[in-house]
Each structure stands twice: as C-alpha cells, then as structure tokens.
Amino acid sequence: MSLPKGLAEEVSKNLVMVARLIDEDPEQAYAYSRIALRLASRVAAVREAAGFAAYATQKYAEAIAEFRAAKRMTGSVELWPVIADCERGLGRPERALAMAGEPEVQKLDKAGQVEMRLVAAGARRDMDQLDAAIVTLQSPELASNSVQPWTARLRYAYADALLAAGREDEAREWFAKTLEADKDGATDASDRLAELDGVEFVDASADEDADVEDDLDEDDLDDDERDDDPEVVAAERASDQAEYYDEDDDEYEGDVDVDATDEIVVLDEDEDEDDEVLDRRDEDQARDKA
C-alpha cells in the first residue's frame, strides 16, 4: 500500500511469479525477485521474497542480508529459523546453534519453534554430533499423535538421524510413522522404508524398451541365419525368377536352355551365285588349255 498503484501492480506481478516458480524453477524465481527488489527495495514483503529466492538458489549470504532487512522493517522474529539455516549453508553450524539459544526463539509460534529445533539438529549433524542431534529432536511435538503441518518433517528428520547412528530398527519405525503423517508426499519416507525392507522398484518402461531391443536383435539374427542357409537362398532366387517371368511379355529375357548338339544352318543366296561363277571360270580355263 505504500507504493503508487501502477508500481504496486508491477511489483506484485513479479512477487506472484516468485511464488509460482520458487519450487520448480528457483533460478527463474530469483530473477523475478531481483526485478521486484529493484522496483521496491523498501518494502518488507519484497525483501522477504528476495531472501527466499536467494535461499532456494543456495545464495545464503545474500539470503541472510535480505531476511535481516525484512526483520528490521517488520520487527518480527518469524524469519529467525531460516536465518539460522543460512548460517549452516555458509558452513557455520556453531552460529546456528548459538541462534537456537537466543531469546528470539521463545517469541516464535509453535511451528517456528519446531523449525528451529530442526535447524539445531541439522547443525549438530553438521558437526558430527549424531547423538546430540537425536536428543535435540526428541520433544513433545515428536511424541504427539496429533498430525500438524510440521509432523512429517519432524518425524522424518528423527528417523534419518537414527539411521545415521546405526539404529536401523528404530529408524524403520519412525519412517513408517512419517509415512502415516505425510499425506501430501512431501518426504521420500516410502522410498526410505522400502530400501530398509530390501524392496527394489523396477522401471516398467525400461523393461519394455529392453524387450523391444531383444526382439529386434532376434529378428536380425534370424535374417542373418536365413542369408547363410543355401536352401533358403535357392528358394528365394527361384521365387525372384518366377515373379520376373511373364508369358505375355515378348521381351522376356529369361534363361534359355540350348542344346549344344543342335546345328543352326543359315542359307545365303549370294553364296550360291558365287559357286556358279567359279564353275564357269573353271570351264573357261579347261578350254584354253585344250
């Protein structure tokens, strides 16, 4: 509401695109956030959107700057857990743990406190403190049978930590509990549970492609075998000749069997005339000698 109407509409369009693309195309979402930030950098909602877009593209230092700016503008501690997670992203888990002990955490609502607990457990794991990470996740929210928006993620993090610590049976139990709470499929708990149970998923489309290739190879092999078979070759040649022959075709040039003993006699009338001339010449020579 602090912007002129035309500018407000332009900024809001870019923020809508950030929200639409941040999961499927974070780089494009980040580009839209930079446009909104250039147009209205003094609006808290713009700084927050820019922070989440940077966070989604792993630009953690930039994300921290935007989140802190939004926090100063609003005075809200809502972004405290995600700021701590950015510290983890920058390779500073100890800072994330320090933030987990700050008074701001007590001002968070239940969802924010659960999120902060997840960040703190992640920081413990970053520091190879698996047992501490497991203890950090053990809370009333984890033990509750009530399903809340954060329940699946909390149970999944706990199951994953148990598995990393070698407690496979417990991990299987908590992956199953995660699956019960994960109605939207936000986690891959079903795949992790199947992996623990030794179940392998087969890509049916890949098998079909392999079958088609096998069939083609068999056809090629059959063609090669037919080419090498003398009887098949002779039969195909005879078939080709039969197809070529046409009794009504006067110009057919098929193979003709000729008997070598047959004699073809060609009469030449000019040759008879030559014989008569020779006879008369011989008679004339005989009279001259007489």
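User: Is Tyr-60 buried or exposed in this structure?

Analyst: Tyr-60 is buried, with a relative accessible area of 19%, where buried means under 20% relative accessible area, exposed over 50% and partly exposed in between (1.4 Å probe, protein chains only). This is a predicted model, in which local features need pLDDT of at least 70 and side-chain atom pairs count only at pLDDT 80 or more, while totals for chains, interfaces and linings use all residues. Residues are numbered from 1 along each chain as its sequence is written, and side-chain values use heavy atoms, with hydrogens and water left out.

User: How many aromatic pairs does a search of the whole structure find?

Analyst: Rings of Phe, Tyr and Trp (its six-membered ring) pair if their centres lie within 6.5 Å, with planes under 30 degrees apart counted as stacked, over 60 as edge-to-face and the rest as tilted. The search finds four such pairs. Because Tyr-158 belongs to helix α10 (residues 151–164) and Trp-174 to helix α11 (residues 168–181), the pair ties together parts that are 16 residues apart in sequence. Both Tyr-158 and Trp-174 are buried.

User: Which charged end sits over the ring of Trp-174?

Analyst: A charge sits over a ring if NZ of Lys or CZ of Arg is within 6 Å of the ring centre and within 35 degrees of the ring normal. Over Trp-174 it is the charged end of Lys-177, at 4.1 Å from the ring centre, and Lys-59 lies over the face of Tyr-30, at 4.4 Å from the centre of that ring.

User: What does helix α4 pack against, and which of its residues are buried?

Analyst: Helices (H or I, at least four residues) and strands (E, at least two) are DSSP runs, numbered from the N terminus, and the protein has 15 helices and zero strands. Helix α4 covers residues 60–74, and its 15 residues reach 21 Å from the first C-alpha to the last, close to the 21 Å expected at 1.5 Å a residue (1.5 Å times one less than the number of residues). Its buried residues are Tyr-60, Ala-63, Ile-64, Glu-66, Phe-67, Ala-69 and Ala-70, and they pack against α2 (26–39), α3 (44–56) and α5 (80–89), contact meaning heavy atoms within 4.5 Å. Gly-75, with a positive phi near 75°, follows α4.

User: How many residues does the largest nonpolar core have?

Analyst: A nonpolar core is a set of buried Ala, Val, Leu, Ile, Met, Phe, Trp, Tyr and Cys residues joined through side-chain atoms within 4.5 Å. The largest has 28 residues, and those with the most contacts inside it include Phe-67, Leu-79 and Trp-80. At least two of its residues come from each of α1 (5–21), α2, α3, α4, α5, α6 (93–100) and α7 (110–126). Apart from this core lies another of 20 residues, among them Trp-150 and Leu-154.

User: Where is Gln-58 placed, and what is its phi?

Analyst: Most residues other than glycine have a negative phi. Gln-58, in the loop between α3 and α4, has a positive phi of about 65° although it is not a glycine, and at 59% relative accessibility Gln-58 is exposed. Asp-128, in the loop between α7 and α8 (130–137), also has a positive phi, near 60°, and is exposed at 71% relative accessibility.
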